[in-house]
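Subject: The structure, and what turned up in it

Hi,

Here is the structure we talked about. Could you open it next to this email and click on each residue as you read?

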Amino acid sequence: MERPLPNRRQMRIGIVLALALTCVAEPAGSGQATPTRHAVPPAPIAARGAAKEQTLSTRVVAYQIDARLDTAKHTIAATETLRYKNLTGQPQKTFPFHLYLNAFQPQSTFMTEEHRDNPDIDWKPEHFGAITISHLEVTGVGDLTNEMRFIQPDDHNAADRTVMQIELPRAVPAGAEVEFKIAFNDKLPEVVARTGYLRDFYMVGQWFPKVGVWWKGAWNCHQFHNTTEFFADFGTFDVNVTLPQNEIVGAGGDLVASMNNSDGTKTLTFHSEDVHDFSWGASPSFTDVEDSWTGSAGTVKLHVLMSPGNLASAPRYIQVLKGTLALYDQWIGPYPYDRLTVIDPPHGGYQAGGMEYPTLITADTYWFMPKGALLPELVTQHEFGHQYWYGMVATNEFEEAWLDEGINSYMETKGMDALYGKYTSEFNFPFLQMGEDDSQRFSYLQKPDTDPITRFAWRFYDGDAYGAITYGKTATVLLTLEKIIGEETLRHALHTYFMRYRYTHPTGEDFIKTVEEVSGKDLRWYFDQAITGTQMLDYKILDAHSDALEWDQPEIAWKDAGHYRTYVTVQRKGDFVFPIDVKVTFDDKQSVTEHWDGGERWVRYVYDRKSQLVSAEIDPDHQVWLDRDLFNNSYIVKADSRATKKLSNILGFVSEWMAQLLAWLA
Amino acid sequence: MADATPRTFFSGASLVWNRQRVLWLIYVVNFVLAYFATRGTNERIAAILDHSLAADQLVHGFNLGAASSLAINPEFPFGGSVSASLLGATLFTIFTIFATGGILATYYSGQRLHAGGFFEACGHHFWRFVRLTIYLLIVLIPVFILGGIAHHVYDRIDKQSISPMPAVHFLEAAIVVLLLLPICIRVWFDMAQVIAVAEDERRMHRALRRAAALLRHNFFSLYWLYLRVSLIAWIVFAAGLHIWMTHLRPESILAPFLLSQFLIIFWQACRLWQRASECIWYREHQRAIAVSAPTYDPPPAISQEPLAAPTV
């Protein structure tokens, strides 16, 4: 999903805008990519799959869609043929379908939840969208249009029409195929929650009736909520899109044919396989910037469709894409598709930005983007990462969103740090820096303990809690896991998890077992607290000081022949039990590192030495990112007030200047 | 008729320089109020950072992650510091209203006022200037409305335009207008304050009327007199911030402090420069009228008797 949580996004935008006043934008067109303005050229059909006999995925669905976009009415009239292969192992009579666009209707569950979380949001009529099925028949059975009924498996909200169910008169035997023929109409909203139009721009996602997933012995077809995303089966997509000839289109498939029609339209034919969704975007104002990257699975064509005013960001998109492709290829596994399309939404269209679909992502930038604000890179890398976790591993984003968003956010920290520096991978200005690790941790600290990570996405306390915990906390949990099993081992575990479960729908349990297997460690104690629990982790140096050992003999000159007893008391303030290291440093430059299992509420270390205490520090390697308060993790005897003075100066200056501005009225 | 000649402009600067005690008084009050407004926060920051190794991230560079963590630290009441600063700013504004009478009396008389005379003028004009401030807030309401309209138009252009640039250009133009318009109002009220002091005008609406007439007949000279000092203030302020952010070592404490305080003092000096220039301009204007008129009845003089109280 659009990675930035509401709070992080707002913070970033605020910072970017503030910084924009003082910084210089990156010059345009400095990359090697070539901007052109024409339709995305055809690419070979399934270039790497042409000779293969085995498909990459178990293909359950085969969609054929003919769609016609009406740019005046912002509607799509389409027919869909879905061949569904019954691999459920049992006869099936009932088939649920997602009708996601109906979420943008008043009183829908999505809208109700949006209003619950953000009562002041201004929903205008143009933000409403819908999908209407005008005809549904099953080959060999006949017209079943009147048999459709809406179901609400999550909240029984009768006004919600995001899931439709059809019951066939007779069951489809196990292993057999059933063919649905559906005629439907989309009314696209003005861009909202990833989909819709804005002026001449279209982002068409989650736009066709999509069958649910048979998973864990039952149909899994949840309603569309304000925090949930998507879950679907793998298969093939053959899509014809008819639209005005001046439109430049980017889609999650290979363009295999393009035909101009006599009515001023053109029909583009796309094919995609071993994916579980198909989306597309169009605008006559796009500039197509092309490039390519070659990895272990062959060459990937890169198409970046830039909106007006944003072209300066194109080289930044390309650079981060190539870097991220290389890192994932090296760390996680091959990128098996021959294409990747990036759609850069136009100004004001950020609701369409930061979203992932198979082989197509949407990015996010502004006309003025200082070089030191790495927002375009960050969003692009995050959305690309979804190609692996959402796109290929394809976990259930309704029920276990952390497996996609959380792991992806962790990988984002690793990728951004590798490409842009550990402490400068989000903001890199001479006067201000921020790394992705810190950013994820800060996100987690916004609402750290309202819900466990494993909660179903729509059952979180609110959207902010969902964001903080699913993205930020999971990333922070995995960063902290590095302390237990090591960064390399965790990377190897992720590689194993990906290679083993790609094109399937694994669960959280599969992930945990893989990590335990690769690391050779029982990690239940950790995951039980970090993933399924809500305990907070917070360790503190409660007390640290040295006393003269011969305190009752004042005639002894301590400085010359003194012996000291040093006390260091460490407290576990939170309920999260985690083994930690404590480094105690003395003024003879010697240090001692203690290991504490954290079992008790506190522990005291006592040392009798000729030297006095200089400092005591919990987690000296700075690996326990989950710790809520890092400032109380250490104690230095000799106060260092430089940071305080620096902040005091800034606060005082701001306060003085604010007073000056207000006094202008006097 | 008086004109905003370079002489007036530089005379204003010279007057501020020669009556430095006014500047230092304003600066010290501003500094002390800011100090007390931020003291509580600083003490809490010190309690968290001074004995923590994690504070190092804020010394060598400025790690926004560490600063953000500090801001949401349960022991760090960030909200409290904002309200304390707002209170300090409000108190400083009240003080400025109070001090304006003394400042203008000092600058208009062209002579050094003793502390007694200065504060007498402050008290004498305080409630008049409170009323003027209320009028100013009322007059600024249309500017705020205009700002709202500009925002609305910006949104509309932004929404309709394929490229973001038309809206950006409109915004740039709107910002310029919305900055220049309040300056016009400020000059008007500045002149009303000068008239109130110079003529000992009790009725502020009459002072405003006379100032409006003055402004109408001498708009460009008065406006330019004010604007060029403002431009100097903004340019120096921006340059100072740039130097602070990019050229000073992150670890240094003294240099940023000195630079920040220089910027504050310079900002205040520029405001006083505007005041002084306006006073000189008005004095010259009155002299010009006196020369051209056959009879001249001088305005009530401000007491310049030396007092025993310490000088300001």
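Below is a walk through the backbone, the rings, the charges and the cores.

First, the ground rules: this is a predicted model, where local features need pLDDT of at least 70, side-chain atom pairs count only at pLDDT 80 or more, and totals for chains, interfaces and linings use all residues. Residues are numbered from 1 along each chain as its sequence is written, chains are lettered from A and ligands numbered from 1 in the order in which they are written, and side-chain values use heavy atoms, with hydrogens and water left out.

**Backbone**

Most residues other than glycine have a negative phi. Arg194(A) is not a glycine, yet its phi is positive, at about 85°. You'll find Arg194(A) in the loop between strand S9 (177-187) and strand S10 (196-198) of chain A. (Helices are DSSP runs of H or I with at least four residues, strands are runs of E with at least two, and both are numbered from the N terminus.) Is Arg194(A) buried or exposed? Its relative accessibility is 2%, so it counts as buried. Here buried means under 20% relative accessible area, exposed means over 50%, and partly exposed is in between, using a 1.4 Å probe and protein chains only.

Arg199(A) also has a positive phi, of about 55°, without being a glycine. Arg199(A) sits in the loop between S10 and strand S11 (201-204) of chain A, and with a relative accessible area of 16% it is buried.

**Rings**

How many aromatic pairs does a search of the whole structure find? Over all chains there are 74. To pair, rings of Phe, Tyr and Trp (its six-membered ring) need centres within 6.5 Å; planes under 30 degrees apart are stacked, over 60 edge-to-face, and the rest tilted. Take Tyr466(A) and Tyr471(A): their ring centres are 6.2 Å apart and their planes are at 85°, so this pair is edge-to-face. Both Tyr466(A) and Tyr471(A) are buried.

Trp525(A) and Phe578(A) make a tilted pair, with 5.9 Å from centre to centre and 50° between the planes. Trp525(A) belongs to helix H10 (residues 524-530) of chain A, while Phe578(A) is in the loop between strand S28 (564-572) and strand S29 (580-586) of chain A, so the pair ties together parts 53 residues apart in sequence. Trp525(A) is partly exposed at 33% relative accessibility, whereas Phe578(A) is buried at 1%.

Ring pairs also build a cluster, whose members include Tyr328(A), Trp389(A), Tyr497(A) and Phe498(A).

**Charges**

Some charges sit over rings, meaning that NZ of Lys or CZ of Arg is within 6 Å of the ring centre and within 35 degrees of the ring normal. The charged end of Arg491(A) does this over the ring of Trp331(A), 4.0 Å from its centre.

Salt bridges come next: a side-chain nitrogen of Lys or Arg within 4 Å of a carboxyl oxygen of Asp or Glu. Searching the whole structure gives 40 of them over all chains. In one, Glu487(A) joins Lys414(A), with the closest N and O atoms 3.2 Å apart. Glu487(A) is in helix H8 (residues 487-501) of chain A and Lys414(A) in helix H5 (residues 405-420) of chain A, so this pair ties together parts 73 residues apart in sequence. Glu487(A) is partly exposed at 33%, but Lys414(A) is buried at 8%. Both also belong to a salt-bridge network with Glu482(A), Glu488(A) and Arg491(A).

In chain B, Arg271(B) and Asp190(B) meet in a salt bridge of 2.9 Å, N to O. Arg271(B) is buried at 15%, and so is Asp190(B), at 0%.

**Cores**

A nonpolar core is a set of buried Ala, Val, Leu, Ile, Met, Phe, Trp, Tyr and Cys residues joined through side-chain atoms within 4.5 Å. The largest has 165 residues, and Trp389(A) is among those with the most contacts inside it. Helix H7 (residues 463-485) of chain A gives the most to this core, with 11 residues. Apart from it lies another core, of 74 residues, among them Val29(B) and Phe237(B).

Happy clicking!
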